[in-house]
Amino acid sequence: MAVAGDVVAEIHAGFLVLLGVTSTDTPTTAHQMATKVIGLRIFNDEGGRMNLGLRDVAGAVLCVSQFTLYGNVRRGRRPSFETAAAADVARPLYEAFCEAILALGVPCERGRFGEHMIVSLVNDGPVTLVIDSAEMDVARRT
């Protein structure tokens, strides 16, 4: 990841997390999301099954703040970002998420909050997930 032509962060194996924060998110939400991300088992084991997590593959997280994930395009042609948290709310929650990743024993590289970043990704596999904090407490269907 680069800012103004300077590489500011990079990882090898691991997850690129594009982190959007809403006005209803809290520090508890940030910790829950970090725990969920670290617990995902989406790397292949010896048998080709998605059964390994970040710790199993000595992976890391590259976290990028991304308020545009909450762009609403239902009406008109210009997105509305009214559900995205304001920067003064989002920044501490972004930092709390990254600190929780580190506390859970996984390296976490960060972008620069609010900066124009050039992010490069080599997507090695078929997995792209959306984890929405609003759905964390919703019961699963049985």
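Guide: Let us begin with a term: a disulfide is counted here when a pair of cysteine sulfur atoms lies within 2.5 Å. This is a predicted model, in which local features need pLDDT of at least 70 and side-chain atom pairs count only at pLDDT 80 or more, while totals for chains, interfaces and linings use all residues. Residues are numbered from 1 along each chain as its sequence is written, and side-chain values use heavy atoms, with hydrogens and water left out.

Visitor: To how many disulfides does the count come by this rule?

Guide: The sulfur of cysteine 108 is too far for a bond with the closest cysteine sulfur, in cysteine 98, because 3.8 Å separates them. By the rule, the count comes to 0 disulfides. Cysteine 98 is in no disulfide, and its nearest cysteine sulfur, 3.8 Å away, is that of cysteine 63.

Visitor: Is cysteine 98 buried or exposed?

Guide: Buried means under 20% relative accessible area, exposed means over 50%, and partly exposed lies in between (1.4 Å probe, protein chains only). Cysteine 98 has 0% relative accessibility, so the residue counts as buried.

Visitor: Which residues does serine 65 touch, not counting those up to four places away in sequence?

Guide: Serine 65 belongs to strand 6 (residues 60–65), where a strand is a DSSP run of E with at least two residues, numbered from the N terminus. With a relative accessible area of 15%, serine 65 is buried. Taking contact as heavy atoms within 4.5 Å, serine 65 touches Leu19, Tyr94, Phe113, Gly114 and Met117.

How values were computed: Helices (H or I, at least four residues) and strands (E, at least two) are DSSP runs, numbered from the N terminus.
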